[in-house]
Amino acid sequence: MIQSAAHPTGAHAAITSNLFGLFLWVTGFFFLLVLVFLGWAIWRKDRGAVRDRALRLTVTSWIGMITLGLFGLTIASYFADRSLAFAGAGKTPLRMRVTAHQWWWEVEYLDRDQSKAVTTANEIRLPLGRPVQILLASDDVIHSLWIPNLAGKQDLIPGRSTDLQLLPRQVGHFRAQCAEFCGLQHAHMALDVIVESPDQFATWWAKSIQPAPAPATPEQKRGFDLVMTRQCAGCHAINGTPAYGTVGPDLSRVAHRATLAAGEMPNSRAWLERWVRDPQSAKPGNQMPKIPMKPDELHAVSAYLETLQ
Amino acid sequence: MRSFPAATIVLLLASAALGSCQREARETRDAPLPFSQQTLATTTTVMAGGGAAGAPDPRVAHYEKNAWHVSEGQRLYEQFNCVECHAHGGGGIGVPLMDDEWIYGSSSPQIVATIMQGRPNGMPSYRNLLTEEQMWQIAAYVRSLSGHVPKDVPPSRADDLASGPPITLQKPEPVRNSNRESGSR
């Protein structure tokens, strides 16, 4: 899992990274030049005045280089900006909406056909090579979505709509992060970005619009009943069940995700139980209340949640 | 003219001591008081004019005097769509919550019982959707809408557009129990 702007795997990040490289080389060259002049001045401090002609020549060419350098960088920025605006143009983008909450991400895949729209959380899956347009919204305070490998940051502002364009060019598992301080658990508000082949993506989508599998074993059945009656369903939704809460992350395929609680912990049985037993010890201040459960109830709930693949 | 009068220095030192004032703790879990449905108000105590409760419930002060609990109540009030029927206190489909009239009692335990059990003619039960702690938080917020929590407790800013003054400026409304006057409704 990579999180680095220095290893761009998307068109937008590559353009920004190239521009950054150019700035680094040009400004680095001038910095070294300044150091050379400084060293020279120190070396010749007691050797009398410089000849007028040499001084004039040096200063003139210095000014000329700076002017050229600044013009060059301005023009390069302009072209980088144009390429950012047109990267991925011409193809129909995949349209998504990401809504930030304290402290997790709601991810929706939009489709003209409402029955094909998919809602998930804390995980963005993208098909390789298809441009993506993400509409951004916030439910509470200002957040910022930053997927360093794919693109720059974009703020999510309550009451305003912003958007972010992506064009993934490499398959992989990347980490993204909230990049605007948003409260107690800002540091633990990450998400997984998974770029996969268009076929894999289509398979994932097709499975995501199906109802969740019915509980099979008695323990899973008991877990299902507990999820529906012990306040879980008040906030969480599971496809095809009476749970349709809109306050917390959608759990329809929670067991299929790589991490729990917005990138906070790996998604395994032990971590899941730890999270459900006491969400406030894992991530103090988050909006999931502690629901007192006996150990066997906890096991049943985890057993059911694990079936949501 | 002395440049640093003694009074100024004392005042500066005293203001530095303000930093040691204790901030209210956020109880994000493990409510210190036991919760169980048995100790909740029963129907007789919920009906206004019914059996009076014995000793005051310690949870009332616990939630109504804690700014964090009341602001959590405000958040839950939005998230669980109380607004749909009760608006931001002014009512609509449901009864107003910021006036003086209470059908099923105005105290926190009575409001918690109303949220938990639901009431005839539209109020659904939230027993399976909210934890008891969350119901107490919402009850404290509902009480703040009619000015029944200390002034320094409720959030001074609403989460949404508001037509009236902030709830911190709300004067305590008198309590009128409509059940007592007109029988059950």
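**Group meeting: a walk through two chains**

Hi everyone, let's start with chain A, where the domain assignment gives domain 1, residues 1–196, and domain 2, residues 218–305. Please keep in mind that this is a predicted model.

How far apart are the centres of domain 1 of chain A and domain 2 of chain A? Taken over C-alpha atoms, the separation is 36 Å. The two domains do meet: 18 residues of domain 1 of chain A are in contact with 14 residues of domain 2 of chain A. On the domain 1 side of that meeting place, strand 2 (104–109), strand 3 (118–121) and strand 10 (190–196) of chain A each supply at least two residues.

Now the chain as a whole. Chain A has eight helices and 12 strands. Its radius of gyration is 26 Å, well over the 19 Å that the globule rule gives for 309 residues, so chain A is more spread out than a compact globule. If you draw a box around its C-alpha atoms along the principal axes, you get roughly 95 × 45 × 35 Å. Of the 309 residues of chain A, 32% count as buried.

Helix 1, residues 11–43, packs with helix 2, residues 52–86, at an angle of about 175 degrees, and their axes are 9 Å apart. Are these two helices of chain A roughly parallel or roughly antiparallel to each other? Angles over 145 degrees count as roughly antiparallel, and helix 1 and helix 2 of chain A are therefore roughly antiparallel. Helix 1 of chain A brings residues including Leu19(A), Leu22(A), Phe23(A) and Val26(A) to this pairing, and among the residues they meet in helix 2 of chain A are Gly69(A), Gly72(A), Leu73(A) and Ala76(A).

Over to chain B. Chain B has eight helices and two strands, and along the sequence they follow the pattern α-α-α-α-α-β-α-α-β-α. Of its 185 residues, 30% count as buried.

One helix to find on your screen is helix 6 of chain B, residues 108–117. Eight of its 10 residues are buried, so helix 6 of chain B is largely enclosed by the rest of the structure. Among those buried residues are Ser108(B), Ile111(B) and Val112(B). Just after this helix, Gly118(B) takes a positive phi of about 80 degrees.

Two of those residues come back when we visit Trp136(B), which lies in helix 7 of chain B. Is Trp136(B) buried or exposed? The cut-off for buried is 20 or more neighbours, and Trp136(B) has 28 C-beta neighbours inside 10 Å, so it counts as buried. Leaving aside its neighbours within four places in sequence, Trp136(B) is in contact with Arg59(B), Tyr63(B), Ser108(B) and Val112(B). Trp136(B) and Val70(B) are 66 residues apart in sequence, yet their C-alpha atoms are 9.0 Å apart in space.

Last stop: the largest nonpolar core. It has 83 residues, and those with the most contacts inside it are Val193(A) and Ala139(B). Its largest share, eight residues, comes from helix 7 (residues 132–145) of chain B. Both domains of chain A also give residues to this core, so it lies between them. As for Val193(A), leaving aside neighbours within four places in sequence, its contacts include Ile124(A), Leu126(A) and Phe174(A).

Conventions:
Residues are numbered from 1 along each chain as its sequence is written. Chains are lettered from A and ligands numbered from 1 in the order in which they are written. This is a predicted model: local features need pLDDT of at least 70, side-chain atom pairs count only at pLDDT 80 or more; totals for chains, interfaces and linings use all residues. A nonpolar core is a set of buried Ala, Val, Leu, Ile, Met, Phe, Trp, Tyr and Cys residues joined through C-beta atoms within 7 Å. A residue is buried if 20 or more other C-beta atoms lie within 10 Å of its own, exposed if 12 or fewer, and partly exposed in between; C-beta atoms are placed from the backbone. Helices (H or I, at least four residues) and strands (E, at least two) are DSSP runs, numbered from the N terminus. Domain bounds come from an automatic or database domain assignment. Two residues are in contact if their C-beta atoms, placed from the backbone, lie within 7 Å. The radius of gyration is taken over C-alpha atoms; the globule rule is 2.2 Å times the number of residues to the power 0.38. Axes are lines fitted to C-alpha atoms, for helices over the stretch in contact, and angles run from 0 to 180 degrees between N-to-C directions. Angles under 35 degrees count as roughly parallel, over 145 as roughly antiparallel, 65 to 115 as roughly perpendicular and the rest as oblique.
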